[in-house]
Amino acid sequence: MKDAGEGAVVVLGSGALVRRLVAEGLVDAYTLFLHPLLLGTGTRLFGETAKPLPLELRDVTRTSTGVLILSYAANRPAGRAVTADQGS
């Protein structure tokens, strides 16, 4: 999809799709929005993983409402490196 299109491929609101993409090693970057709200229950976004998936923090933005926008680069296993023309 990335090679055929322009810009980033973004997934909003589909935990099942995100978990599948993560499992296949197809995620280059994550942008997470941390809202200052405690709910007490919920579903884990990434579910169970076979091993920890380290991320590299690239940027933090704080909004006027206290929301934090966290941008991470996915550390890829060997053989899954992104080339310069594919972006980060």
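The following legends describe close-up views of a predicted model.

**View 1. Confidence along the predicted chain.** The protein chain has a mean pLDDT of 78, with 83% of its residues at 70 or more.

**View 2. Residues 78–88.** Over this segment pLDDT stays under 50.

**View 3. Pairing of strands E1 and E3.** Strand E1 (residues 29–34) and strand E3 (residues 68–74) run antiparallel and are joined by 6 bridges. Thr31 has Ser71 of E3 as its bridge partner.

**View 4. The hairpin of E2 and E3.** These antiparallel strands are joined by 7 bridges. Leu68 in E3 is the bridge partner of Arg62. The hairpin leaves 5 residues between E2 and E3, and Gly66 in the turn adopts a positive phi of about 90°.

**View 5. Salt bridge between Arg20 and Glu24.** The structure holds 2 salt bridges. One of them links the side chains of Arg20 and Glu24, with an N to O distance of 3.8 Å. Arg20 counts as exposed because its relative accessibility is 56%, whereas Glu24, at 36%, counts as partly exposed.

**View 6. Salt bridge between Glu56 and Arg58.** The side chains of Glu56 and Arg58 meet in a salt bridge at 3.2 Å, N to O. Glu56 has a relative accessible area of 37% and is therefore partly exposed.

Notes
Residues numbered from 1 in each chain as written. Predicted model: local features only at pLDDT ≥ 70, side-chain atom pairs only at ≥ 80, totals over all residues. Heavy atoms only, no water. Salt bridge = Lys/Arg side-chain N within 4 Å of Asp/Glu carboxyl O. Buried < 20%, exposed > 50% of the residue type's maximum accessible area, 1.4 Å probe, protein only. pLDDT = per-residue confidence, 0-100. Contact = heavy atoms within 4.5 Å. Pairing = 2+ DSSP bridges. Helix = DSSP H or I, 4+ residues; strand = E, 2+ residues; numbered from the N terminus.
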